[in-house]
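This report looks at one strand, its partners and the core around it. Please keep the sequence and the model in view while reading.

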Amino acid sequence: MLVSAALMLAVAVAAAACSSGTSSSPAAPTAASPTPATSAVSAGGVRDIAVTLTDALRFEPATFEVKAGERVGFMVTNAGKIRHEFFIGDEDAQREHEAEMASMGMAHDEENGISVDPGQTKQLEVTFDAPGETLVGCHEPGHYSGGMRATITITS
Ligand SMILES: [Cu+2]
């Protein structure tokens, strides 16, 4: 108790001395830096995560962990002999895309999903805004229902 009281007194004296010193100066202190203190996140780099698509209808690995706000680049390699997809989205988005694929038949790349031909490697860059969990699915006919899905856990 005595120690902290003495410390507080010392701080108060220092602050008083400091403020009396600056108040006499005509140069107004410029505003504190507008840069938010939350710039501890990696300096604009992309973290690559390798993933393999197989004809056994699997993503390897089948679980991913990313941080909210982190820029990640999924390096997606199709190790099989048939085409596969890497499509990111929650349960609803997966269902929607499954229906889209069934009616249109033709795969196409979009913001949150890519179609990868056999032997090909493609990169998909994504930033997940909020913590939670989402899915990855392949919607070549029969693949999603065959278990070709993975889980992405987004930590804060
Ligand atoms: Cu597939």
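## Overall make-up

The protein has 2 helices and 9 strands, where helices (H or I, at least four residues) and strands (E, at least two) are DSSP runs numbered from the N terminus. Along the sequence these elements follow the pattern α-β-β-β-β-β-α-β-β-β-β.

This is a predicted model, in which local features need pLDDT of at least 70 and side-chain atom pairs count only at pLDDT 80 or more, while totals for chains, interfaces and linings use all residues. Residues are numbered from 1 along each chain as its sequence is written.

Strand S5 (residues 84-89) is mostly covered, with 5 of its 6 residues buried; a residue is buried if 20 or more other C-beta atoms, placed from the backbone, lie within 10 Å of its own. Of the 156 residues of the protein, 18% count as buried.

S5 runs antiparallel to strand S6 (residues 113-116), to which 4 bridges join it, and strands pair if DSSP finds at least two bridges between them. Phenylalanine 86 has isoleucine 114 as its bridge partner in S6. S5 is also joined by 3 bridges to strand S8 (residues 132-137), again antiparallel, and there leucine 135 is the bridge partner of glycine 89.

## The largest nonpolar core

The largest nonpolar core has 14 residues, of which Leu53, Val76 and Phe86 touch the most other members; such a core is a set of buried Ala, Val, Leu, Ile, Met, Phe, Trp, Tyr and Cys residues joined through C-beta atoms within 7 Å. Strand S4 (71-78), S5 and S6 each supply at least two residues of this core, and the largest share, 3 residues, comes from S5.

Key. Buried ≥ 20, exposed ≤ 12 C-beta atoms within 10 Å, placed from the backbone.
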